[in-house]
Amino acid sequence: MSNEQRAHDLTMFYIKMYYDFQKPSENGRFEFDAINKYVELYPQVLKQINIAFPN
């Protein structure tokens, strides 16, 4: 498994956990932008995985 795949899997896991524990807003809706969250987190996760698991 490549580090990119590890980072993707871990990022998706974090997003799922974040969504599962999110509470609805005042109007009863879940306001969550998974794509922006992914774009924000993936590079950070990949950087840390590359440090932990150098090729």
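Reader: Which helix is Asn 3 found in?
Author: Asn 3 belongs to helix H1, which covers residues 3–20. Helices are DSSP runs of H or I with at least four residues, strands are DSSP runs of E with at least two, and both are numbered from the N terminus. This is a predicted model, in which local features need pLDDT of at least 70 and side-chain atom pairs count only at pLDDT 80 or more, while totals for chains, interfaces and linings use all residues. Residues are numbered from 1 along each chain as its sequence is written, and side-chain values use heavy atoms, with hydrogens and water left out.

Reader: Is Asn 3 buried or exposed?
Author: Asn 3 is buried, at a relative accessible area of 3%. Buried means under 20% relative accessible area, exposed means over 50%, and partly exposed lies in between, for a 1.4 Å probe and protein chains only.

Reader: And what does Asn 3 touch, beyond residues up to four places away in sequence?
Author: Asn 3 touches Leu 46, Ile 49, Asn 50, Phe 53 and Asn 55, with residues up to four places away in sequence not counted. Contact here means heavy atoms within 4.5 Å. A polar atom of the Asn 3 side chain also lies 2.8 Å from the backbone oxygen of Phe 53. A polar contact is a pair of N or O atoms within 3.5 Å; within protein, one must be able to donate a hydrogen and the other to accept it, and residues adjacent in sequence count only if both atoms are side-chain atoms.

Reader: What lies over the face of Phe 53?
Author: Arg 6 does, at 5.2 Å from the ring centre. A charge sits over a ring if NZ of Lys or CZ of Arg is within 6 Å of the ring centre and within 35 degrees of the ring normal.

Reader: Which ring does the charged end of Lys 37 sit over?
Author: The charged end of Lys 37 sits over the ring of Tyr 18, at 4.7 Å from its centre. Lys 37 is also in contact with Tyr 14, as is Leu 41, when the neighbours of Tyr 14 within four places in sequence are left aside. Tyr 14 has its place in helix H1 and is partly exposed, with a relative accessible area of 40%.

Reader: Back to H1. Which of its residues are buried?
Author: The buried residues of H1 are Asn 3, Ala 7, Thr 11 and Ile 15. They lie on the same side of H1, because they cover an arc of only 105 degrees around the axis. The arc is that of the directions from the helix axis to the C-beta atoms. H2 is included in what covers the buried residues of H1.

Reader: How many residues has H1, and what does it reach from first C-alpha to last?
Author: H1 has 18 residues and reaches 25 Å, close to the 26 Å expected at 1.5 Å a residue. The expected span is 1.5 Å times one less than the number of residues.

Reader: What about Thr 11?
Author: Thr 11 lies in H1 and is buried, with a relative accessible area of 1%. Its side chain reaches the backbone oxygen of Ala 7 at 2.7 Å. Apart from neighbours within four places in sequence, Thr 11 is in contact with Tyr 38, Leu 41, Tyr 42 and Val 45.

Reader: Where is Val 45, and is it buried or exposed?
Author: Val 45 is found in helix H2, residues 34–52, and counts as buried at a relative accessible area of 17%. Its contacts, leaving aside neighbours within four places in sequence, are Ala 7, Leu 10 and Thr 11.

Reader: How many aromatic pairs are there?
Author: Rings of Phe, Tyr and Trp (its six-membered ring) pair if their centres lie within 6.5 Å; planes under 30 degrees apart count as stacked, over 60 as edge-to-face and the rest as tilted. By this rule the count is two aromatic pairs. Tyr 38 and Tyr 42 form a stacked pair, at 5.5 Å centre to centre and 15 degrees between the planes. Both lie in H2, four residues apart, about one turn of the helix. Tyr 38 counts as partly exposed at 23% relative accessibility, whereas Tyr 42 is buried at 19%.

Reader: Overall, how many helices and strands are there?
Author: The protein has two helices and zero strands. Buried residues make up 20% of its 55 residues.
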